[in-house]
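Welcome to the tour! Open your viewer, switch to a cartoon view, and follow the stops in order.

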Amino acid sequence: MIVKSLDHLNTISKKISIHLSKKDCIFLIGEIGVGKTTFTRHLINHLQKEKDLKPTEVLSPTFNLLHEYDIKNLKIMHYDLYRIKETKELDYLGIFSDETDTIKIIEWPDLIKTPLEDKLEIYLDYRKSEKEREMKIVRFGKWKNFKNEF
Ligand SMILES: Nc1ncnc2c1ncn2[C@@H]1O[C@H](COP(=O)(O)OP(=O)(O)OP(=O)(O)O)[C@@H](O)[C@H]1O
Ligand SMILES: [Mg+2]
């Protein structure tokens, strides 16, 4: 689908946020600056508003690899794995070894091979127009139930 503007991206992220629950995982795939963090920011801010919390800053976890957000009973782990170049480094992070229920949103997930049940893969691409993006969504598990919603 074509994302026509930032507003449109915002609308899509809201529709997705409604269905997010513990243990979900979203992979964000696409070139530098295409909008992965922007999508995540909208999504997290929607969840915060939904739970009557003030929207916070959502900055890129490029250097820290991970930013965490506590949204009442939901915990969001926002990863940026751009700097991770080896599977060994990925293993050290133990992204999927925690026993807690957390929602994981992962930029640059290329090295991850762990099979995940309720995964959503979002592919973003540039278009000629600066404010537009091409978005492809690949659904796994429960996300197949929401095919016509976004
Ligand atoms: N329709 C759109 N969707 C997403 N981003 C857009 C759109 N139109 C313009 N932008 C702009 O593109 C930029 C996207 O930057 P962002 O940091 O989100 O990219 P990123 O994919 O996370 O990059 P990186 O790989 O460096 O982490 C922002 O400045 C945003 O405002
Ligand atoms: Mg980013």
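**Stop 1: The edge of the sheet**

Start by selecting strand 1 and strand 7: two bridges join this pair, and the strands run antiparallel. (Helices, H or I with at least four residues, and strands, E with at least two, are DSSP runs numbered from the N terminus.) Now click on Ile2, which stands opposite Glu134 in strand 7.

Before moving on, a word about what you are looking at. This is a predicted model, where local features need pLDDT of at least 70, side-chain atom pairs count only at pLDDT 80 or more, and totals for chains, interfaces and linings use all residues. Residues are numbered from 1 along each chain as its sequence is written, while chains are lettered from A and ligands numbered from 1 in the order in which they are written.

**Stop 2: Across the sheet**

Next, select strand 6 together with strand 7 (residues 133–139): seven bridges join them, and they run antiparallel. A hairpin of six residues links the two. Look for Tyr126, which stands opposite Arg133 in strand 7.

Phe27 has Glu121 in strand 6 as its bridge partner. In general, strands of a sheet pair through backbone hydrogen bonds, either parallel or antiparallel.

What is the order of the strands in the open sheet? The seven strands follow the order 1-7-6-2-5-4-3, with mixed pairing. (Two strands pair if DSSP finds at least two bridges between them.) Strand 1 (2–3) and strand 3 (66–71) are at the edges with a single partner strand each, so one side of each has no neighbour in the sheet.

**Stop 3: A residue on strand 3**

Select Glu68, which lies in strand 3. Is Glu68 buried or exposed? Glu68 counts as exposed because it has 11 C-beta neighbours inside 10 Å. (A residue is buried if 20 or more other C-beta atoms lie within 10 Å of its own, exposed if 12 or fewer, and partly exposed in between, with C-beta atoms placed from the backbone.) Leaving out residues up to four places away in sequence, Glu68 touches Lys75, Ile76 and Met77. (Contact means C-beta atoms, placed from the backbone, within 7 Å.)

**Stop 4: The nonpolar core**

Select Ile26, Phe27, Leu28, Ile44, Ile105, Ile106 and Ile122: these have the most contacts inside the largest nonpolar core, which has 26 residues. (Such a core is a set of buried Ala, Val, Leu, Ile, Met, Phe, Trp, Tyr and Cys residues joined through C-beta atoms within 7 Å.) Among the elements giving two or more residues to this core are helix 1, helix 2 and strand 2 (25–29). Zoom in on Leu28, whose contacts beyond four places in sequence include Phe39, Ile105 and Ile122.

**Stop 5: Around ligand 1**

Show ligand 1 and the 18 residues around it, of which Ile32, Gly35, Lys36, Thr37 and Thr38 come nearest. (Near means a C-beta atom, placed from the backbone, within 6 Å.) Helix 1 (6–17) and helix 2 (36–50) are the elements that give two or more residues to this shell. Helix 2 supplies the largest share, three residues.

**Last stop: The whole chain**

Zoom out and trace the chain from the N terminus: its elements run β-α-β-α-β-β-α-β-β-β. That comes to three helices and seven strands. Buried residues make up 32% of the 150 residues.

Conventions. Contact = placed C-beta atoms within 7 Å.
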